[in-house]
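Please consider the model shown below. The paragraphs after it give a guided reading, from the whole chain down to single residues.

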Amino acid sequence: GSVDARTTQVADNDYAHAVALADVRTAANDARSNESLTLIARGSGSAFEKAWQADAAAVRASLQRSGVDVATEWNAYAATHTEIRRLDDTGEWDAAVARATTLAASGAGAQFSRFDQLVTAARDRASAGAVDTLDGIGRSAPVFALLIGLVALVASWLVVRGIGQRIEEYK
C-alpha cells in the first residue's frame, strides 16, 4: 500500500511534470524549426506558419500541465516570432532573418534559448525528483521482502504446531 501510494504520488507529480516539460521542449523546438522553414520558403511558408501555430498551442497546453511558470519567456519569443512574420510578410525578408538569427536579447534566438534553458532545467529537476523518490522505494523493498518472509515462516511454524496439537488431542 505504501509503495503504491508513493508511486502514484510520483506519477501524478514529478513524473507528470517531467513528461509535460519534455512535451513543451519538443513542441517548442518544432515551432522554432517551423519558424526557420517559413523564412527559408521566402514568402511561401504559410504551411510552416500553420505548423508553428499548432506547435505554439501545444506548448501552451503542455505548460499548463507542467506546473512551471515560463509563460513570460515563451510569450516574449512568440511576440518576436509575430514581428518576424510581419517583416517577412511585408517583404522585409533580410530584416526578418536578422531578427530571427541575432543573438541580441531582443532576437528570437536569445529569447528562445532562455526559454529552452528554463524548461530544460525544470524538466531535469522533475526527472531527478521522480528518480530519487522511486529509488528510495526500491531501497526499502528488500527489507520489506525479508520481513514478509520471516512473518510467513513464523505463521507456517504456528500452523504446523497448531495442527500437531490437534493431532495429539485426537490420540
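Predicted model: local features only at pLDDT ≥ 70, side-chain atom pairs only at ≥ 80, totals over all residues.

Residues are numbered from 1 along each chain as its sequence is written, and side-chain values use heavy atoms, with hydrogens and water left out.

The protein contains six helices and zero strands. Helices (H or I, at least four residues) and strands (E, at least two) are DSSP runs, numbered from the N terminus. Read from the N terminus on, the order of elements is α-α-α-α-α-α. Taken along the principal axes, the C-alpha atoms fill a box of roughly 105 × 30 × 20 Å. The radius of gyration of the protein is 29 Å, whereas a compact globule of 171 residues would have one near 16 Å. That radius is taken over C-alpha atoms, and the globule rule is 2.2 Å times the number of residues to the power 0.38.

Of the 171 residues, 28% count as buried. Buried means under 20% relative accessible area, exposed over 50%, and partly exposed in between (1.4 Å probe, protein chains only). A contact requires heavy atoms within 4.5 Å. Among contacts between residues at least 6 apart in sequence, 70% join residues at least 24 apart.

Two helix pairs may now be examined. The axes of helix α2 (residues 14-40) and helix α5 (residues 93-101) come within 10 Å and cross at roughly 160°. Such axes are lines fitted to C-alpha atoms, for helices over the stretch in contact, and angles run from 0 to 180 degrees between N-to-C directions. The crossing angle therefore makes α2 roughly antiparallel to α5. Angles under 35 degrees count as roughly parallel, over 145 as roughly antiparallel, 65 to 115 as roughly perpendicular and the rest as oblique. In this pair, R32, E35 and L39 of α2 meet W93, A96, V97 and A100 of α5. By class, the residues of this contact are five nonpolar, no polar and two charged. Ala, Val, Leu, Ile, Met, Phe, Trp, Tyr, Cys and Pro count as nonpolar, Asp, Glu, Lys and Arg as charged, and the others, Gly among them, as polar.

The second pair is helix α3 (residues 46-66) and α4, whose axes come within 11 Å and cross at roughly 170°. These two helices are therefore roughly antiparallel to each other. From α3, the residues E49, W52, A56, V59, R60 and L63 meet A71, W74, N75, Y77, A78, H81 and R85 in α4. The contact of α3 with α4 comprises eight nonpolar, two polar and three charged residues.

Individual positions complete the picture. T80 lies in helix α4 (residues 71-89), and T80 counts as buried because its relative accessibility is 4%. Apart from neighbours within four places in sequence, T80 is in contact with R99, S106, G107, A108 and Q111.

Helix α6 (residues 108-170) holds A110. With 23% relative accessibility, A110 counts as partly exposed. Not counting residues up to four places away in sequence, A110 touches T102, L103, A104 and A105. The C-alpha atoms of A110 and D124, which are 14 residues apart along the chain, are separated by 21 Å.

D116 also lies in helix α6. Its relative accessibility is 15%, so D116 counts as buried. Leaving aside neighbours within four places in sequence, D116 is in contact with R25 and N29.
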